[in-house]
Amino acid sequence: ALAQVPAAPQRANELTLAGLRPGRDALSIALKRYSEKYSDRGSPANLRRWMDPCTGRSMSLELASRSLIQAIPVSSLVPPEGQCADRRFGAVAVQDWVTGRGLRLGDNQDKIVQIYGEPNSSGPSVNGDRELQFLYYAFDWAGANVPQVMEINCARETGRVVEITLAFPSL
């Protein structure tokens with residue numbers, strides 16, 4: 001009998017991050033899902049951000065014209081402020097900052113390849129003094145109605161996901 005060769009991971013595309021679709025959803029949908037009172041208007045004006053000061057996790061929305069969501073970075077790279085005492089639990093809904101296929105901050109790097117297959121490109125990256133591993137996925141192979149790209153940064157020392165950005169690239 002022939003030995004079974006393990007199948008290569010299948011490619012999978014991604015449409016959502018934090019329940020939102022870049023290139024499709026407007027800021028108003030995000031403000032209904034994630035309370036506006038916990039967001040801060042960024043500078044420049046085309047940026048909105050939600051932050052959990054206890055964990056340092058943040059989600060930003062980069063907006064295109066007509067308040068259309070262009071990109072959604074979620075990150076744990078901001079140092080936590082440690083303001084945990086008086087916060088209302090779940091106010092920022094960090095548990096919802098997950099991709100449509102279940103990838104979230106803190107997951108092991110191996111899970112990325114299990115879900116999405118091999119990246120289009122990867123390599124070392126740096127954020128401040130943190131050494132990262134950068135993975136880039138372009139989902140153009142999935143068809144014209146799925147023009148998303150996803151960038152993932154993992155901490156090099158732990159192999160854990162520290163940043164995920166799902167974006168609708170400007171053409």
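Me: Contact means heavy atoms within 4.5 Å. In this predicted model, what percentage of the contacts with a separation of 6 or more is due to residues 24 or more positions apart?
Reply: The model is a predicted one, and the protein has 171 residues. Among its contacts with a separation of 6 or more, the share of residues 24 or more positions apart is 51%.

Me: In what order do the elements of the protein run from the N terminus on?
Reply: The protein contains two helices and eight strands. Helix 1 covers 27–33, and helix 2 covers residues 109–116. Taken from the N terminus on, the order of the elements is α-β-β-β-β-α-β-β-β-β.

Me: How much of the accessible surface of the protein belongs to carbon and sulfur atoms?
Reply: Of the residues of the protein, 41% count as buried. The accessible surface comes to about 9,600 Å², and the part that belongs to carbon and sulfur atoms is 50%.

Me: Why is the pair of Tyr-116 and Tyr-137 classed as tilted?
Reply: The search of the whole structure gives four aromatic pairs. In the pair of Tyr-116 and Tyr-137, the ring centres are 5.8 Å apart. Stacked planes lie under 30 degrees apart and edge-to-face planes over 60. The pair is therefore tilted, as its planes stand at 55°.

Me: How many residues apart in sequence are the parts that Tyr-116 and Tyr-137 tie together?
Reply: Tyr-116 belongs to helix 2, whereas Tyr-137 belongs to strand 6 (residues 130–138). Tyr-116 is buried at 1% relative accessibility, and Tyr-137 is buried at 2%. The pair ties together parts whose separation in sequence, in residues, is 21.

Me: Which residue forms one aromatic cluster with Tyr-116 and Tyr-137?
Reply: Tyr-116 and Tyr-137 are a tilted pair. The cluster that holds these two tyrosines also includes Phe-139.

Me: At what distance from the ring centre of Trp-141 does Arg-11 lie?
Reply: Arg-11 lies over the face of Trp-141. The cut-off for a charge over a ring is within 6 Å of the ring centre. For Arg-11 and Trp-141 the distance is 4.2 Å.

Me: Is Ala-18 buried or exposed?
Reply: Most residues other than glycine have a negative phi. Ala-18, in the segment before helix 1, has a positive phi near 60°. Its relative accessible area is 0%, so Ala-18 is buried.

Me: Where does Ser-67 lie, and what is its relative accessible area?
Reply: Ser-67 is not a glycine, yet its phi is positive, at about 55°. Ser-67 is found in the loop between strand 3 (57–63) and strand 4 (69–75). Buried requires under 20% and exposed over 50%. Ser-67 is therefore partly exposed, at 34%.

Me: How many residues of strand 8 are buried?
Reply: Strand 8 (residues 161–167) is mostly covered. Strand 8 runs antiparallel to strand 4, with five bridges, and antiparallel to strand 7 (residues 149–155), with six bridges. Of the seven residues of strand 8, the number buried is seven.

Me: Which residue in strand 8 is the bridge partner of Pro-73?
Reply: Strand 4 and strand 8 are joined by five bridges. The partner of Pro-73 in strand 8 is Thr-165.

Me: Which residue in the hairpin of strand 7 and strand 8 takes a positive phi?
Reply: The hairpin has five residues between the strands. The residue with a positive phi, near 75°, is Gly-159.

Me: Which residue has the backbone oxygen that the side chain of Gln-148 reaches?
Reply: Gln-148 lies in the loop between strand 6 and strand 7, and is buried at 2% relative accessibility. Beyond its neighbours within four places in sequence, Gln-148 has contacts that include Glu-14, Arg-21, Phe-139 and Ala-167. At 3.4 Å, its side chain reaches the backbone oxygen of Leu-15.

Me: What distance separates the C-alpha atoms of Asn-153 and Leu-132?
Reply: Asn-153 is in strand 7 and is buried, with a relative accessible area of 9%. Leaving aside neighbours within four places in sequence, its contacts include Ser-125, Leu-132, Phe-134 and Val-162. Asn-153 and Leu-132 are 21 residues apart along the chain, and their C-alpha atoms are separated by 6.0 Å.

Notes. Residues numbered from 1 in each chain as written. Predicted model: local features only at pLDDT ≥ 70, side-chain atom pairs only at ≥ 80, totals over all residues. Heavy atoms only, no water. Phe/Tyr/Trp six-rings, centres within 6.5 Å; stacked < 30°, edge-to-face > 60°. Helix = DSSP H or I, 4+ residues; strand = E, 2+ residues; numbered from the N terminus. Buried < 20%, exposed > 50% of the residue type's maximum accessible area, 1.4 Å probe, protein only. Lys NZ or Arg CZ within 6 Å of the ring centre and 35° of its normal. Pairing = 2+ DSSP bridges. Areas by Shrake-Rupley, 256 points an atom, 1.4 Å probe, with all protein chains shown as cover. Polar contact = N/O pair within 3.5 Å; in protein donor to acceptor, adjacent residues only side chain to side chain.
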